[in-house]
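Keep the structure in view while reading.

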Amino acid sequence: MTDVLVAVALLLVAAAATAAVVNRDPARQAFVLSFLGLSLALLFTYVQAPDVALSQLAVGSALTPLMILLTVRKVTRGSAGGPARTAGPGRRPDRGTARDRRPRRGERR
Amino acid sequence: MTRRGRLRLFLLAALVLAAGYAVACLDLPPFGGDRHPYGDRAVHAALARRTANAVASVNFDQRAMDTLGEETILFAAVLGAVVLLRRTAGEARTEPEPARVSAGVRRLGLALLPVALLVGLYVVAHGNVTPGGGFQGGVVVATALHLLYVAADYRALERIRPVSRYELGDAAGEFAYTMTGVCTALAGPAFLANVLPLGTFRALASAGTVVLLNAAVGMEVACGVVVLLATFLDQAVEIADAPGGPRSADGAPEEEPT
Amino acid sequence: MSVLPYLVAGWIFLVGLYGLVTSRDLIHAVGCLAVTQSSTYVLLLAVGYRRGGTAPVFADAPAGARVVDPVVQALTLTDIVVGATVTALLLALVVQLRKRHGTVDPDRLSELRG
Amino acid sequence: MRTSDGWLAAALVPLVLLAPVLWRVATGRPRDRLIALNLAQLLAALALLLASQGFARSSYLDLALLLAVLAPAGTLVFARFVGGVPAAPFVRRIACAAVPATVLPLCAAGGVSRQSVKLLVIGALLVAGSVVTSSGTQESAEADVADPAGGGTGPGAAGGGAEGGVPGD
């Protein structure tokens, strides 16, 4: 019975890894990577490695996705600085709204 | 090299690698086989040192030197990320907005935070007896603190997270590990030798130096991950780029190669 | 069954490499590297598995129990956590590249260099 | 150690169910992916619980405990970036039905001991986490998750290309 579990988990891991690679958009890839972490943790449990499974669960469930998503946010909207964009109450409403559109062209020339 | 050329080269190399690897697989000892000379010796040594968790015994006793290396990589990686992502001249710091999170999520987060912290500490503390240890538990503790960010908001997290203290804790973990090694070298036969009393098998206080090294690693991992996430959060939530947008090399024009 | 885990490890490795080679986005490439890395975990644990064995943790098992190899598990578990911080370092590099060059597409980055 | 095939066969059920969930995680819209991931975490926790009993190792329960604690954190991380916790009555119903259906037999099989207390705690955490993270409460009003391309496409639109965030090119 253990062999069946291991085999199914292995196939699941292989499928999740493939899906993680073919998802080209990093934000969407993060979901699949999280799933890959889960399926790896299950596989590790079935090959009697609970220590490793714990490690994988701890890292894969929240830490890696958070880092990837934060990087995506920083990179795709690098110039906006996040919250400042939508003019919060009394928080530099002028920063980051028009600025990232203006000077770039001139500098590239 | 063009994209197409690169892909062709990769496919060729992958084909060769796959063929070689498949042949090698057929010659590997079959999956689930019974011959594990290293494993048997490691288990024997772990039992001799009254460490119920043989994996922890390998990590923090039999191959403690190796783990010092791993820990140093971790330390260096955190340091590198902090240096890379530090706020440079010309980058403005913006105040994060208070997040509007629903009451249910907020309550869940606040209820889960102490539980998660406790589970993390439990995983670290029982590292020498049950599955777990400093590496896993440290990550859990750090993740638990960030429940405040996802369930409340960034400012709530900042209140309980003086980053400089966690940086100190990160270094202290690394220092404690090395100093344990130095002390054992002074007191006994070798660097990182297990010289402390071994205690009773399956008890929390067993396995000698494993407990100390485990705690040191737990501290370093927890603090290191907190610092790491803090730098990322700083970049993504608080720091706006230098005026002129991201293309102008952070207000340091001499570094722009074009 | 006796070679399936090894083959799966090889497949994950190759798929991850394929993603790395064809990636148009460095963040995606870092994700692919994480996938590639996980192939080593699968391979190591497959090598250490013993049929009918249980975890080498004797908290709730008799001391003479038939157990799997703890050495490979120790290698893997540290690598997972250390690997995550290295992933973070790479992501930090990506953020820095984006700041300096305005793109995270590796092809455009090499064009920049001339 | 003596393994019990019955419990392991039961563990196979959530494991096999993960396959269609993976399809959703890999191909859906971001919100669907989040719901599917939530469901995957629940199924994985159930599989871990059953495996613990199947392998007759009570120390494996720590895995399910850890997952029960961290799964909501993971879901909320993603929720912050797709702009809110999506409503998923399906996941909620599964959590309310499958978790007791798994935990109570496990408790009965193990007898009254410290393990059954742990099991009940894990079950309670799982149900609470799943119910709250599938309740569909909106937090998308928060500024730093609001997507310029509209809520439905989520981070996918923002991360569509390497230059996705650079306007005016």
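**The largest pocket**

Helix H2 (37–48) of chain B, helix H2 (26–48) of chain C and helix H3 (70–101) of chain C each supply at least two residues of the lining of the largest pocket. Helices here are DSSP runs (H or I, at least four residues), numbered from the N terminus. This is a predicted model: local features need pLDDT of at least 70, side-chain atom pairs count only at pLDDT 80 or more, and totals for chains, interfaces and linings use all residues. Residues are numbered from 1 along each chain as its sequence is written, chains are lettered from A and ligands numbered from 1 in the order in which they are written, and side-chain values use heavy atoms, with hydrogens and water left out.

A pocket is an open set of points on a 1 Å grid over the protein atoms alone, where a 1.4 Å probe fits, with protein on both sides within 12 Å along at least five of seven lines; lining residues have an atom within 4 Å of a point. The volume of the largest pocket is about 280 Å³, counted as the space filled by probe spheres set on the points, which are joined across faces, edges and corners. Its lining has 18 residues. Nearest the centre lie B:Arg35, B:His36, B:Pro37, C:Val47 and C:Asp69. H2(C) gives the most to this lining, with three residues.

**Where chains B and C meet**

The contact (heavy atoms within 4.5 Å) takes 60 residues from chain C and 63 residues from chain B. About 5400 Å² is buried between them, and carbon and sulfur atoms give 67% of that. Buried area is the accessible area (1.4 Å probe) lost on being put together, summed over both parts. In chain C, C:Phe58, C:Lys99 and C:Arg100 lose the most area to chain B, together 13% of what that side buries.

Three salt bridges cross this interface. Each is a side-chain nitrogen of Lys or Arg within 4 Å of a carboxyl oxygen of Asp or Glu. B:Asp34 forms a salt bridge with C:Arg66, with the closest N and O atoms 3.3 Å apart. On the side of chain C that touches chain B, H3(C) provides the largest share, 23 residues.

**Enclosed space**

A cavity is a set of points where the probe fits but cannot get out. The structure holds 13 cavities of 30 Å³ or more. The largest cavity has about 240 Å³ of space. Of its 19 lining residues, A:Gln56, A:Val59, A:Thr64, C:Ala34 and C:Tyr41 are closest to the centre.

Notes: Buried area = accessible area lost by both parts, 1.4 Å probe.
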